[in-house]
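Keep the viewer open as you read.

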Amino acid sequence: MKAMKDVIYAGLSEVFGAEKVSDEYPYQWKQGTAIQLTEEQNKVLEYDSTAGETKSYLRYRIDVYGDKNTSHDVLKVNKVLAGIGFKRTDCMDVPSPGLHHKLMRYEAIYDLENDALYWE
């Protein structure tokens with residue numbers, strides 16, 4: 001099993017500031033930008049009877065909340081996640097009264113034997 005949440009969190013925090021990134025529903029979403037990071041799935045993709053888990057499938061959800069258009073922030077999120085090695089599999093507006101809300105999903109396969117992240 002490979003956990004990448006702390007790596008993603010660090011990358012997003014560097015761009016947006018640690019106070020703007022959380023794995024909880026944002027407390028201050030009406031003041032600027034807030035980023036919510038959720039690990040949606042982390043499962044065994046390949047398993048060897050001798051070595052154990054050899055590949056993990058990872059999926060993360062990023063919610064971008066803002067008091068104005070989120071397009072500029074979404075591009076920043078995408079740059080961070082693509083730079084780590086994740087593929088964007090979803091990006092959509094979420095109707096949310098009183099705020100701008102964009103939902104993004106990223107997926108990758110982690111090869112534990114080679115310490116490599118990739119996608120097909």
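In which sense do strand E1 and E2 pair, parallel or antiparallel? They pair in the parallel sense, over two bridges, where pairing requires at least two DSSP bridges between two strands. Val21 stands opposite Ile35 in E2. Strands (E, at least two residues) and helices (H or I, at least four) are DSSP runs numbered from the N terminus.

A word on the source: this is a predicted model, with local features needing pLDDT of at least 70 and side-chain atom pairs counting only at pLDDT 80 or more, while totals for chains, interfaces and linings use all residues. Residues are numbered from 1 along each chain as its sequence is written, and side-chain values use heavy atoms, leaving out hydrogens and water.

Next, follow E2 into E3: a hairpin of three residues joins them, and they pair in the antiparallel sense over 14 bridges. Leu37 has Ile62 in E3 as its bridge partner.

Now for the helices. H1 and H2 pack at an angle of about 140°, with axes 10 Å apart; axes are lines fitted to C-alpha atoms over the stretch in contact, and angles run from 0 to 180 degrees between N-to-C directions.

Leaving aside neighbours within four places in sequence, Leu81 is in contact with Ile8, Leu12, Phe86 and Tyr106.

Definitions and conventions
Contact = heavy atoms within 4.5 Å.
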